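Grab a pencil and work through these exercises one at a time. Try each task yourself before you read its solution.

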Amino acid sequence: MAAKQIFLLNGPNLNLLGKREPDTYGRTCLEDVVQLVEQTAKEYGYEIAHYQSNHEGDLVDYIQEAQDKAEGIVINPAAYTHTSVAIRDAISAIELPVIEVHISNVHRREPFRHESLSAPVCDGQIVGFGVDGYRLATLGLIEKIKEGRRNNE
Ligand code: DQA
């Protein structure tokens with residue numbers, strides 16, 4: 001039987017992780033983050049499908065695709081967190097648990113980063129734990145999947 005899937009979605013500029021503003025985002029590259037999430041998920045019998053895109057519409061497509069292919073989503077919408085009604089609406093449209101993650105503590109940063117358009121339609125948010133936040137978000141998501149939680153409840 002095929003392993004159950006979790007979608008890991010990363011938004012714009014996260015392909016540069018490790019090189020991009022290391023004082024804020026650390027020196028771990030995206031590949032290593034994906035491995036960390038894969039290891040965490042594997043312990044609970046889940047496989048990871050990872051997608052990174054710099055384009056808003058791609059992220060909307062992946063969120064929609066998850067509905068039929070995944071048990072839940074860990075997403076870092078990156079800058080789109082603060083601007084994208086389309087990503088919020090896509091999350092809201094599906095019936096899967098979704099956990100939002102931010103590497104940096106966005107609440108300690110510029111005021112425009114304090115608001116997340118997507119967080120209110122997610123099941124949880126992990127902020128400010130560096131890239132370890134992805135592991136924590138994955139564990140949290142697996143708990144929500146076990147509980148049978150759906151977003152907006
Ligand atoms: C981020 C925070 C966002 O404000 C920023 O635009 C990012 C990364 C984070 O993981 O801390 O690209 O989502």
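**Exercise 1. Is Asn-76 buried or exposed, and where does Asn-76 sit?**

Step 1. Start with the area: Asn-76 has a relative accessible area of 3%, and buried means under 20%, exposed over 50%, and partly exposed in between (1.4 Å probe, protein chains only). So Asn-76 is buried.

Step 2. Helices (H or I, at least four residues) and strands (E, at least two) are DSSP runs, numbered from the N terminus.

Step 3. Before you go on, note that this is a predicted model, where local features need pLDDT of at least 70 and side-chain atom pairs count only at pLDDT 80 or more, while totals for chains, interfaces and linings use all residues. Residues are numbered from 1 along each chain as its sequence is written, and side-chain values use heavy atoms, with hydrogens and water left out.

**Exercise 2. Which side chain makes a polar contact of 3.1 Å with the side chain of Asn-76?**

Step 1. Recall the rule: a polar contact is a pair of N or O atoms within 3.5 Å; within protein, one must be able to donate a hydrogen and the other to accept it, and residues adjacent in sequence count only if both atoms are side-chain atoms.

Step 2. The partner is Tyr-134. Tyr-134 also turns up among the residues in contact (heavy atoms within 4.5 Å) with Asn-76, once neighbours within four places in sequence are left aside.

**Exercise 3. Where does UniProt place the feature "binding site"?**

Step 1. The unreviewed UniProt entry gives Asn-76, His-82, Asp-89, Ile-103, Ser-104 and Arg-113. UniProt positions are in the numbering used here, feature names are shortened, and annotations may be inferred rather than shown by experiment.

Step 2. They span 38 residues in sequence, and the farthest two C-alpha atoms are 24.1 Å apart, so they don't all gather at one spot.

**Exercise 4. Which backbone nitrogens does the side chain of Ser-116 reach?**

Step 1. The backbone nitrogen of Ser-118 is reached at 3.3 Å.

Step 2. A polar atom of the Ser-116 side chain also lies 2.8 Å from the backbone nitrogen of Ala-119.

Step 3. Ser-116 sits in the loop between β4 and β5, and with a relative accessible area of 13% Ser-116 is buried.
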